[in-house]
There are 2 protein chains.
Amino acid sequence: MPLDTFEVVVFENRFPAFGPDRRAGRPVRPATTGCEVVVYTPEHELTLAQLPLSRVRLLVDVWADRYRELGSRAEVKYVYIFENKGEEVGVTLHHPHGQIYALPFVPPFAQAELDASREHVAARGRCLHCSELALEASGPRRVLDEGSMVAYVPRAARWPYEVHVYPRRHVVSIAGLDDAERSDLAKALLRVTGAYDRHFGFSTPYVMAIHQAPTDGREWPQAHLHFEFYPPHRRGDRLKYLAGVELGAGTFVNDTMPEDTAAQLRRAARKVVPASRKSSIRM
Amino acid sequence: MPLDTFEVVVFENRFPAFGPDRRAGRPVRPATTGCEVVVYTPEHELTLAQLPLSRVRLLVDVWADRYRELGSRAEVKYVYIFENKGEEVGVTLHHPHGQIYALPFVPPFAQAELDASREHVAARGRCLHCSELALEASGPRRVLDEGSMVAYVPRAARWPYEVHVYPRRHVVSIAGLDDAERSDLAKALLRVTGAYDRHFGFSTPYVMAIHQAPTDGREWPQAHLHFEFYPPHRRGDRLKYLAGVELGAGTFVNDTMPEDTAAQLRRAARKVVPASRKSSIRM
């Protein structure tokens, strides 16, 4: 495909993690749920952090389009958009890409967040995330502001360098972001991923997860779109392993103070300027 | 310490993952919650799978004693007993040992299981685990029987070689096991860990987690003691990584059929005979 026509490509995963049950004797239905791959760029060596702003802005539009299209299918209850980056989180295909799972259920962590926010709305009259944002937008755990977007290390961070990126406005899904918010989001994503790379001094692995409203046809006023980043490193030369406490009890142990890691990332983020197309190509 | 007097040693963790908040200005209370280390044997090179049966039987008694003692403290709501084994799950201290967290709360995964079982009791009149056991004790996912104990790969296994070990009898905690059950449990644990080592052909890393009744002074009739084993390997040369789907959505992807991995472990378990003290020392 010629470079100048390649933008962001989405295709069905040839090796989907889930799909219709194809064992003998099971009825086969056309797949409406399933797995998609989102290819960020034709340039094999780049990462999200190194993409030009215009491309990340386009990526935001692609995510919004896929959320809307997949979410409109009757069987799809949740459009789960994420990126796994780096061998440390098991990635074997190194070309820069993300994934979309069009799920026939609301996954447990999304459901737990939605339940907690629903209770908070009932008790306080506002979304849980809006309350957290009011606390974090100017506090010691803030990593960066980017106009309508805020990034911070959450109070109960599970990963030392966990960062959440939120629109300040109460928006339930990525499809609801306006034009200016999409541009700010693209900048914020570049600055967060750039801050990781600059802080650690290497292309930092992470899981990026998008949490937003389910697409089951119900209203989810307690949902508030956000991105969560989980880098596995707790130091440049040390990974955080999940073991008995995390895997068997569901409780995360983290020996860093979120205020400390936020301060480190804040310093690194100050020096990150989202690249124009030209400077990205030179990299 | 001379070998013949050393049995199983329990001490407070010098580097506890949690404990009283010791920052300046915080009130300091004596620690009643906290972290303990359980040293299985003075022999540095052994693993649980290689211990003599008598020692594992003693270990069961130690777990039961610690459950009772720690659980009797007013602030301890859950006695979480577990073992992390192997560098693949982040272990840096290689001497064979397990850990106990005396937690001031019921951890989320334990709570989720208890909630599901309570609903099942309400709907069906019996504990969820008892219903599962009735299904698994003679089915294609069974790994082994050991008198009063059964081990199987659960239907919705998160890890390809995940195994759960249950007493057939409805017992809410390890302290409630009778003498014969404790001996059967010791044998079952040796055979499960031995089956892993034999199947993979190397000393297999795992997380072992004990789920049982909280110790908050309430009744937990829906609890049913069991051990869960999560080995990170999905093949001898390949680990399962947790990434976006597991960490960001709470949904596990597993491309093996539990009936297949159960059959493999069943074959391996048939050849495992818990060792007498002598044969263990020779190993």
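1. In this predicted model, 34 residues of chain A are in contact with 34 residues of chain B.

2. Polar links across the interface can be listed briefly. Between chain A and chain B the count of salt bridges is zero. Eight residue pairs, with both residues at pLDDT 80 or more, are in polar contact between chain A and chain B.

3. On the side of chain A that touches chain B, the elements giving two or more residues are β3 (78–85), α2 (108–124), β8 (206–211) and α5 (244–249). Of these, α5(A) gives the most, with six residues. Sorted by class, this side of chain A has 22 nonpolar, seven polar and five charged residues.

4. Next, the core. The largest nonpolar core has 148 residues, and those that touch the most other members are W63(A), I174(A), F227(A), W63(B), I174(B) and F227(B).

5. What does W63(A) touch, leaving out residues up to four places away in sequence? The partners are Y40(A), I81(A), I174(A), L189(A), M208(A), I210(A) and F227(A).

6. D65(A) sits in helix α1 of chain A, which covers residues 53–71. Is D65(A) buried, partly exposed or exposed? D65(A) counts as partly exposed because its relative accessibility is 48%, and the exposed class starts over 50%. Along the chain, D65(A) and A175(A) are 110 residues apart, yet 7.1 Å separates their C-alpha atoms.

7. E228(A) belongs to strand β9 of chain A, residues 226–230. With a relative accessible area of 2%, E228(A) is buried, since the limit for that class is under 20%. The side chain of E228(A) makes a polar contact of 3.0 Å with the side chain of H226(A).

8. Which residues surround E228(A) by contact, not counting those up to four places away in sequence? E228(A) touches E113(A), R158(A), E162(A), V163(A), H164(A), V207(A), M208(A), A209(A) and H211(A). One of these, M208(A), is also touched by W63(A).

Methods:
Residues numbered from 1 in each chain as written. Chains lettered and ligands numbered in written order. Predicted model: local features only at pLDDT ≥ 70, side-chain atom pairs only at ≥ 80, totals over all residues. Heavy atoms only, no water. Core = buried A, V, L, I, M, F, W, Y, C linked by side-chain atoms within 4.5 Å. Buried < 20%, exposed > 50% of the residue type's maximum accessible area, 1.4 Å probe, protein only. Contact = heavy atoms within 4.5 Å. Salt bridge = Lys/Arg side-chain N within 4 Å of Asp/Glu carboxyl O. Polar contact = N/O pair within 3.5 Å; in protein donor to acceptor, adjacent residues only side chain to side chain. Helix = DSSP H or I, 4+ residues; strand = E, 2+ residues; numbered from the N terminus. Nonpolar A, V, L, I, M, F, W, Y, C, P; charged D, E, K, R; others polar.
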